Amino acid sequence: MIGFLKFCLLSTFSAVVFILLNQWSLTSFKRMFEHKELVEGTWPWAYQALCFSCGYFAYDQQDMLQYRLYSGFIPSILIHHLVLLICFTLALYRRITINYLILTLICELHSIFLHVRKLRRMAGVRDAESRVVKVEWILNWIMFVFTRLVSHILITGKLIKDASKFEKGIEWPLAMLGMAGMNLLNAFLGIDLFNAFKKEKKPQQNNPKRHE
């Protein structure tokens, strides 16, 4: 199951990279991020990639609910998927802001590393002092900062900057609500990651003679 989800995430990120590089080869970098291009345009294969991602999030959401693969009274992962499903479904139905949503999927690169961490722990590799674990955590934090925090903050800033260019309607409020939700969930994820990092380091600190 985890292998399948990892494949879906990797496919999604690969599709996003392909779409961005392909569009860059067809037009200028500046034009790619113009307001009209992001809101009204649809890059080649962007619609299909968003449909695939929407199906993945719907499947993952159903699987977690059916088998209770979550923790906490209000699981952030379920809220994350719900926010994405609402935004993606409306965008696909109305065929608008498709390119904006493709940019938000850059964060799925970090999701791959979250699954790698889960696989690593399932394999019994939990020694915080091992080189594998250290490298995995370094990459995990780098991807979290750049593909989640930085990319989503830049997208939010772009939405705020171009607020006056949106037509009156639900598009801008919905886009801002979605990005606000994503940024908030990123903050919660960052806290969870930090707590998980401390938890993995704690056994080593409590057993200083382990490696003597």
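The model is predicted: local features need pLDDT of at least 70, side-chain atom pairs count only at pLDDT 80 or more, and totals for chains, interfaces and linings use all residues. Residues are numbered from 1 along each chain as its sequence is written, and side-chain values use heavy atoms, with hydrogens and water left out. The chain has nine helices and zero strands. Helices (H or I, at least four residues) and strands (E, at least two) are DSSP runs, numbered from the N terminus.

**Overall fold**

- Along the sequence, the pattern reads α-α-α-α-α-α-α-α-α.
- The C-alpha trace spans about 65 × 40 × 30 Å along its principal axes.
- The chain has 212 residues, and 42% of them count as buried. Buried means under 20% relative accessible area, exposed over 50%, and partly exposed in between (1.4 Å probe, protein chains only).
- Among contacts in the chain with a separation of 6 or more, 75% come from residues 24 or more positions apart. Contact means heavy atoms within 4.5 Å.

**Packing of α4 and α5**

- Helix α4 covers residues 46-67 and helix α5 covers residues 76-94. They pack at an angle of about 145°, and their axes lie 9 Å apart. Axes are lines fitted to C-alpha atoms, for helices over the stretch in contact; angles run from 0 to 180 degrees between N-to-C directions.
- The crossing of α4 past α5 is left-handed. That term applies if the near helix is turned anticlockwise from the far one by less than a right angle; clockwise makes a crossing right-handed.
- On the α4 side, the contact includes Y47, L50, C51, C54, F57 and M64. On the α5 side, it includes I77, L78, H81, L85, F88 and L92.
- By class, this contact of α4 with α5 has 15 nonpolar, five polar and one charged residues. Ala, Val, Leu, Ile, Met, Phe, Trp, Tyr, Cys and Pro count as nonpolar, Asp, Glu, Lys and Arg as charged, and the others, Gly among them, as polar.

**Nonpolar cores**

- The largest nonpolar core holds 39 residues. W43, L50, F88 and I102 touch the most other members. A nonpolar core is a set of buried Ala, Val, Leu, Ile, Met, Phe, Trp, Tyr and Cys residues joined through side-chain atoms within 4.5 Å.
- Helices that each supply at least two residues of this core include α1 (2-26), α6 (98-104), α8 (131-161) and α9 (171-206).
- α5 gives the most to this core, with seven residues.
- A second, separate core has six residues, including V133, W137, F144 and L193.
- I102 touches V16, I19, W43, A46, A49 and L50, leaving out residues up to four places away in sequence.
- In soluble globular proteins, nonpolar side chains tend to be buried together.

- L38 sits in helix α3. L38 counts as buried because its relative accessibility is 1%.
- L38 and L103 are 65 residues apart along the chain, yet their C-alpha atoms are separated by 9.4 Å. Beyond residues up to four places away in sequence, L38 touches M32, F33, W43, T97, I98, N99, Y100, L103 and K158.
- L159 belongs to helix α8. Its relative accessible area is 2%, so L159 is buried.
- L159 and P173 are 14 residues apart in sequence and 9.9 Å apart in space, C-alpha to C-alpha.
- With a relative accessible area of 7%, E136 is buried. Setting aside residues up to four places away in sequence, E136 touches F113, V116, R117 and R120.

**Positive phi in loops**

- Most residues other than glycine have a negative phi.
- W45 has a positive phi near 75° and is not a glycine. W45 lies in the loop between α3 and α4 and counts as exposed at 54% relative accessibility.
- R95, again not a glycine, has a positive phi of about 55°. R95 lies in the loop between α5 and α6 and is exposed, with a relative accessible area of 52%.
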